[in-house]
Amino acid sequence: MIELSRAKSAPVPLGTLIGRELRNGKVEKPFVKYGQAGLAKKGEDYFLIKTDCLRVPGDASTAFSVFAVFDGHNGISAAIFAKENLLSNVLSAIPQDISRDAWLQALPRALVVGFVKTDIEFQQKGETSGTTATFVLVDGWTITVASVGDSRCILDTQGGVVSLLTVDHRLEENAEERERVTASGGEVGRLNVFGGNEVGPLRCWPGGLCLSRSIGDTDVGEFIVPIPHVKQVKLSNAGGRLIIASDGIWDALSSDMAAKSCRGLPAELAAKLVVKEALRSRGLKDDTTCLVVDIIPSDLPVLPPIPRKKHNMLTSLLFFGKKSENSMNKATNKLSAVGVVEELFEEGSAMLTERLGKDFPLNKNSGIFRCAVCQMDQPPGDGLSMNSGPFFSPASNPWEGPFLCTNCWKKKDAMEGKKPSRPTVTA
């Protein structure tokens with residue numbers, strides 16, 4: 001038996017070892033390097049860079065990074081408030097003491113909760129400004145992006161393919177959002193000038209906002225919702241580059257133009273070059289803010305140059321992999337010729353019930369229920385389960401699924417056009 005235990009084991013092929021490492025999650029985390037640049041026209045753009053976030057307090061191995069752009073309008077209050085509060089609101093919606101995989105799976109729902117909670121808290125201040133928000137979390141090779149408005153995040157990979165990780169919520173360009181706003185009680189149309197001529201982009205009335213989703217904007221009706229589009233992808237160990245920018249960049253440059261203008265350059269210089277290219281193309285018509293984030297393999301000092309490739313149907317289909325159950329029927333699977341990115345999750349519905357789902361964690365035995373949005377503990381009689389509806393039979397279990405306090409339930413109904421967004425005054 002002793003001799004047998006000392007016998008050499010059969011050699012294991014290198015490919016098998018690498019496969020085991022991949023399955024066990026032992027691939028080294030990449031470096032994250034970033035740059036920021038911007039020019040102010042109105043001074044309403046703000047950004048957030050935080051590279052020292054910890055999933056488990058005190059454990060440096062659980063570090064992740066957050067990058068965000070907030071493009072304010074009608075004042076700066078909403079942009080500042082979102083910058084200061086959105087991250088903590090997202091993290092407070094994630095259960096404690098869970099594994100990294102479970103944490104990543106919880107992020108899409110937590111981002112919805114964080115955006116809605118931030119909007120409710122800001123509107124309680126009684127101010128009328130609003131802001132877009134493009135919010136990016138980088139944890140190892142996994143990138144999770146949540147966005148409302150028309151700021152944008154693109155991904156440039158080693159395959160030479162540029163991919164959009166956000167959806168623009170401009171009424172002019174998004175037919176689904178136009179239908180949703182009008183179905184909820186808003187009116188969509190252009191600005192009428194003297195003589196009945198219509199000018200400018202499509203806007204939502206009252207208020208005249210060009211966007212269908214934002215944080216804040218109390219004066220334009222609650223069918224302008226803060227529920228974000230969320231996309232989660234996993235890079236291959238070749239890495240990639242993110243460009244996160246306000247519409248001052250994207251009104252001047254296409255996604256391809258922005259990516260190509262700074263390839264092969266370090267992130268800090270790349271951000272400056274994107275802003276310079278936008279200024280050269282269009283002039284300074286709006287605030288321009290650009291963050292460039294490089295996810296770099298740990299054995300490389302910088303991202304290697306991206307080979308130039310002719311565009312064809314194969315290389316334009318970048319993503320492969322699985323989708324969430326919610327989005328499986330709403331979007332087609334995308335395949336990749338080079339396998340550079342795996343799509344883990346994508347959902348853009350503006351219905352809060354769909355986005356929180358019926359399996360939201362709930363302590364049924366404590367006698368106290370925590371609102372899934374505002375995270376405040378409530379007695380059961382002071383709210384409703386999202387799956388029970390306002391009325392339910394005694395035989396049903398009214399506390400299945402996410403529990404909402406009365407205030408958050410009213411917010412949900414207002415966003416879906418089920419009640420007036422403002423109180424009606426009668427004589």
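**Helix α5 and its surroundings**

Gly 185 comes after helix α5 and has a positive phi, near 120 degrees. The model in which this residue sits is a predicted one.

The protein has 427 residues, and 49% of them are buried. Its elements number 11 helices and 20 strands. Among contacts with a separation of 6 or more, 66% join residues 24 or more positions apart. The accessible surface is about 21,000 Å², and carbon and sulfur atoms account for 54% of that surface.

Helix α5 spans residues 175-184.

Which residues of α5 are buried? They are Glu 177, Arg 180, Val 181 and Ser 184. Viewed down the axis of α5, these buried residues fall within an arc of 95 degrees, so they line one face of the helix. An α-helix has 3.6 residues a turn, so residues three or four places apart point the same way.

The buried residues of α5 are covered by several elements, including strands β9 (187-192) and β10 (198-205). Helix α11 (406-415) is also part of what covers them. On the face turned away from the buried side, α5 carries Glu 179 and Ala 183, which are exposed. Helix α5 therefore has its buried residues along one face, while exposed residues sit on the face turned away from that side.

Note on methods: Residues are numbered from 1 along each chain as its sequence is written. This is a predicted model: local features need pLDDT of at least 70, side-chain atom pairs count only at pLDDT 80 or more; totals for chains, interfaces and linings use all residues. Side-chain values use heavy atoms; hydrogens and water are left out. Helices (H or I, at least four residues) and strands (E, at least two) are DSSP runs, numbered from the N terminus. Buried means under 20% relative accessible area, exposed over 50%, partly exposed in between (1.4 Å probe, protein chains only). Contact means heavy atoms within 4.5 Å. Accessible areas come from the Shrake-Rupley method with a 1.4 Å probe; for residues, only the protein chains shown count as cover. The arc is that of the directions from the helix axis to the C-beta atoms.
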